[in-house]
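Hi everyone, thanks for making time this morning. Let me put the structure up, and then we can walk through it together.

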Amino acid sequence: MIEKIRKITSKKQFHIIVIILIILILLFFLAFTILRYNVEGEKNMSFTLTKISVISQSLGDDKQVEGMRWAFDVNETNDIYIYIEKNPDYEKEELIKSISIESLSVENAPLKGETKFYKPEAQDVNLMFKNSEENEISNLEYTGDIESDIKNLKISNQGGLVTFRYSINNIAEYTSNEDEQVEHQQLLSKAGVQFENIKSVIKFKLKINLESGKSFQSEIALTLPLEEVIEQGVASKEFTDMSTYIFKRVNN
């Protein structure tokens with residue numbers, strides 16, 4: 001029996017089969033590792049996405065219409081706050097170089113209105129956002145600094161938050177001679193705006209860039225606005241389950 005085994009293992013074909021089997025096993029483990037990474041992403045990042053907060057609001061732009069006491073162009077805004085925090089279980093020292101929000105886009109665009117993205121308002125200290133042409137963006141970058149300064153696009157290099165606005169402008173026009181007073185938060189409801197007509201999905205790439213040269217990126221998708229905004233005028237929600245957002249390394 002031993003002699004038979006010796007003869008089999010001494011043959012060239014046997015060695016070729018063994019080599020092929022080893023290669024196939026290695027390829028299997030490589031494919032499994034790649035598949036697992038694509039599904040799970042980075043497991044031990046120095047900084048992590050911990051929360052996304054959204055404030056949806058009904059707003060109006062006053063305008064003059066002859067013969068009308070009240071006249072507004074009706075808008076709906078969504079202020080998005082993204083929280084980046086240091087991972088307490090990460091043992092090495094890392095600093096944030098910048099946080100990038102890239103490739104902002106709208107999918108399933110709303111049936112009513114015009115979609116715009118805005119950065120924070122830097123000039124007016126009383127406003128966090130202003131829907132002005134100079135504040136329009138398609139990408140946004142917050143640079144790492146000693147302290148956060150949201151309005152000037154700075155985030156603490158130890159973690160903090162970044163924010164931008166998604167706005168649906170000119171959804172409807174509301175005019176009236178009957179109202180004694182009109183609150184901006186009532187405009188969506190008063191103008192008869194239906195949620196399904198302004199519902200949309202925004203997408204963007206969130207990129208965490210570190211001073212060490214490492215970068216991690218995830219694609220974020222949000223369905224906006226929050227449905228309660230039609231009747232309530234203002235609605236807010238915190239999204240804390242970030243497990244659906246997978247970060248992958250884009251730079252070593």
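Before we look at the sheet, one definition: two strands count as paired if DSSP finds at least two bridges between them. Helices (H or I, at least four residues) and strands (E, at least two) are DSSP runs, numbered from the N terminus. Please keep in mind that this is a predicted model, where local features need pLDDT of at least 70, side-chain atom pairs count only at pLDDT 80 or more, and totals for chains, interfaces and linings use all residues. Residues are numbered from 1 along each chain as its sequence is written, and side-chain values use heavy atoms, with hydrogens and water left out.

With that said, let's start with the overall picture. The protein chain has five helices and 11 strands. Of its 252 residues, 38% are buried, where buried means under 20% relative accessible area, exposed means over 50%, and partly exposed is in between, using a 1.4 Å probe and protein chains only. Now the contacts, meaning heavy atoms within 4.5 Å. Among those with a separation of 6 or more, 73% are between residues 24 or more positions apart.

Next, please find strand β2, residues 70-86. How many of its residues are buried? The count is 12 of 17, so β2 is mostly covered. On one side of the pairing list is β1, residues 47-62, which runs antiparallel to β2 and is joined to it by 15 bridges. As an example, Q57 has T77 in β2 as its bridge partner. Strand β7, residues 159-176, also runs antiparallel to β2, again with 15 bridges. There, A71 stands opposite T175 in β7.

Now for some backbone details. Most residues other than glycine have a negative phi, and most peptide bonds are trans. Against that background, S103 has a positive phi of about 55°, although it is not a glycine. S103 sits in strand β3, residues 96-107, and is partly exposed, with a relative accessible area of 40%.

L153 is another non-glycine residue with a positive phi, near 60°. Where does L153 lie? You will find L153 in the loop between β5 (140-145) and β6 (154-156). L153 is buried, at 17% relative accessible area.

Finally, a cis peptide bond joins L224 and P225, with omega about 0°. P225 is in the loop between β9 (215-224) and α5 (229-232).

That's my tour, and I'm happy to take questions.
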